[in-house]
Amino acid sequence: MRDLISIIVGIAVGFAWLAIWHFVFLHAFGITVLRRKLEDHATRRERMKQLGKLRYILISGVLGVGLSFGLAITAADLVAHYSHGWVFAIVKLVLFSVFFGWFNGARTWSEVFRDPVPFPPNYPPLK
C-alpha cells in the first residue's frame with residue numbers, strides 16, 4: 001500500500017511541475033501553450049526553432065520533462081522511505097533531470113524540427 005501511495009504522489013508531483021512549467025516558464029519565453037488555431041501552432045513552432053537546439057533541449061527537455069521525471073522519482077522514493085538522505089535525493093534528482101531531459105529534448109528536437117523531404121526526392125544529376 002505504501003508503494004502505491006508513493007507512486008501516486010510521485011506522479012502527482014511530476015504532473016504538477018509540468019503544469020507550472022507549461023504555464024509560467026514557457027510564457028516567460030514568449031511561447032503560448034494552449035492555442036487552438038493552426039497559425040498559433042506555426043508561430044509557436046517558429047519561436048521554439050529560434051531558440052536553437054541547445055536552448056530548446058535545456059528549456060524543454062531538462063527543465064520541463066526531465067525535471068518532472070526527476071521530481072516524480074525522487075518524491076516517490078522520499079514518500080516510500082527508500083531514499084538514503086537528502087544529499088542522495090538531490091543527486092538523484094539532478095542526474096535524472098539532466099540525463100532523461102537531455103535525451104528527451106534531443107529526441108523531440110530531431111522529430112519536430114526536421115525539414116521535410118520532397119517527394120519524389122531531388123537527386124543531383126549524374127555526371
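Which residues form one aromatic cluster? Phe-69, Phe-96 and Phe-100 do. The legends below show them in a predicted model.

**View 1. Phe-69 and Phe-96 form an edge-to-face pair.** The count of aromatic pairs in this model comes to three. In the pair shown here, the ring centres of Phe-69 and Phe-96 are 5.6 Å apart. That lies within the 6.5 Å cut-off for a pair. The planes meet at 85°, so the pair is edge-to-face. The two residues sit in distant parts of the chain, 27 residues apart. Phe-69 belongs to helix α3, residues 53-79. Phe-96 belongs to helix α4, residues 86-112.

**View 2. Phe-69 and Phe-100 form a stacked pair.** Centre to centre, the rings of Phe-69 and Phe-100 are 4.3 Å apart. The angle between their planes is 25°. Planes under 30 degrees apart count as stacked. This pair also links helix α3, which holds Phe-69, to helix α4, which holds Phe-100.

**View 3. Phe-69, Phe-96 and Phe-100 form one aromatic cluster.** Phe-69 is partly exposed, with a relative accessible area of 29%. For Phe-96 the value is 31%, so Phe-96 is partly exposed. Phe-100 has a relative accessible area of 32% and is partly exposed. Partly exposed covers the range between buried, under 20%, and exposed, over 50%.

Note on methods:
Residues are numbered from 1 along each chain as its sequence is written. This is a predicted model: local features need pLDDT of at least 70, side-chain atom pairs count only at pLDDT 80 or more; totals for chains, interfaces and linings use all residues. Side-chain values use heavy atoms; hydrogens and water are left out. Rings of Phe, Tyr and Trp (its six-membered ring) pair if their centres lie within 6.5 Å; planes under 30 degrees apart count as stacked, over 60 as edge-to-face and the rest as tilted. Helices (H or I, at least four residues) and strands (E, at least two) are DSSP runs, numbered from the N terminus. Buried means under 20% relative accessible area, exposed over 50%, partly exposed in between (1.4 Å probe, protein chains only).
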